[in-house]
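The stops below are given in the order in which to select them.

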Amino acid sequence: MNITRFFIALAALLLGIGLIAPTLTISPMAGELTWLVRILAPEELVPSTYSILGVIGKLYQGNDFFLVLLLSLFSVLSPILKLSFFWQASSQSYQQENSNSLFKVIHYVGKFSMAEVFALALIIVVVKSFPGGSSAQLEWGAYIFTCSVACSIIASIRIEKKDRNKALQ
């Protein structure tokens with residue numbers, strides 16, 4: 001179980017870094033008029049880099065409370081809850097009957113942890129479809145966040161395997 005807890009702790013650390021690290025850079029362009037915009041309003045073409053928590057803060061400032069709630073739930077709260085449940089389920093003293101019910105809750109909550117990765121992919125597709133050649137690029141924070149999800153998947157598999165082995169005994 002120490003290996004499982006290592007993956008849970010690593011996932012938590014990577015999650016924390018992934019939430020505050022640069023995740024997405026958007027570089028606006030104006031197509032054939034890019035040269036003119038650079039002369040008249042260069043600040044309009046400055047690339048913007050966002051972290052996950054930075055996006056949530058910007059949405060809050062813009063009074064987009066529904067999106068704030070959605071991103072906070074799927075990108076912050078869901079992974080934290082899932083990792084907390086994993087930590088509890090990986091406890092040596094945890095009872096088998098509690099472990100099964102807890103693991104069902106974990107599977108339910110865990111389905112939402114990839115929502116942020118999906119949202120990033122969607123944003124990139126949307127930005128790349130803008131006219132004028134605008135581009136979006138994933139930053140290192142997106143990869144850290146994804147590694148956190150991968151570590152939590154490994155922990156989930158190890159906990160499930162432990163539960164199956166206990167059930168067979």
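The tour of this predicted model goes from a sheet to a helix and then to a loop.

**The sheet**

Select strand 1, residues 24-27, together with strand 2 (48-50) and strand 3 (135-138). These belong to an open sheet of three strands, in the order 2-1-3 and with antiparallel pairing. Strands 2 and 3 are at the edges with a single partner strand each, so one side of each has no neighbour in the sheet. On average, neighbouring strands here are turned by 20° against each other, direction ignored.

Now zoom in on the pairing of strand 1 with strand 2, which is antiparallel and runs over three bridges. Show Thr 25 and look across to strand 2, where Thr 49 stands opposite. Strands of a sheet pair through backbone hydrogen bonds, so display the backbone atoms at this stop.

**Helix 3**

Next, select residues 52-61, which form helix 3, and pick out Leu 59 within them. Is Leu 59 buried or exposed? Its relative accessibility is 16%, and because the cut-off for buried is under 20%, Leu 59 counts as buried.

For Leu 71, which is 12 residues from Leu 59 along the chain, the C-alpha atoms are 9.7 Å apart.

Finally, select Asn 63, in the loop between helix 3 and helix 4 (65-89). Most residues other than glycine have a negative phi. Asn 63 is not a glycine, yet its phi is positive, at about 60°. With 53% relative accessibility, Asn 63 counts as exposed.

Methods:
Residues numbered from 1 in each chain as written. Predicted model: local features only at pLDDT ≥ 70, side-chain atom pairs only at ≥ 80, totals over all residues. Heavy atoms only, no water. Helix = DSSP H or I, 4+ residues; strand = E, 2+ residues; numbered from the N terminus. Buried < 20%, exposed > 50% of the residue type's maximum accessible area, 1.4 Å probe, protein only. Pairing = 2+ DSSP bridges. Axes fitted to C-alpha atoms, helices over the stretch in contact; angles between N-to-C directions.
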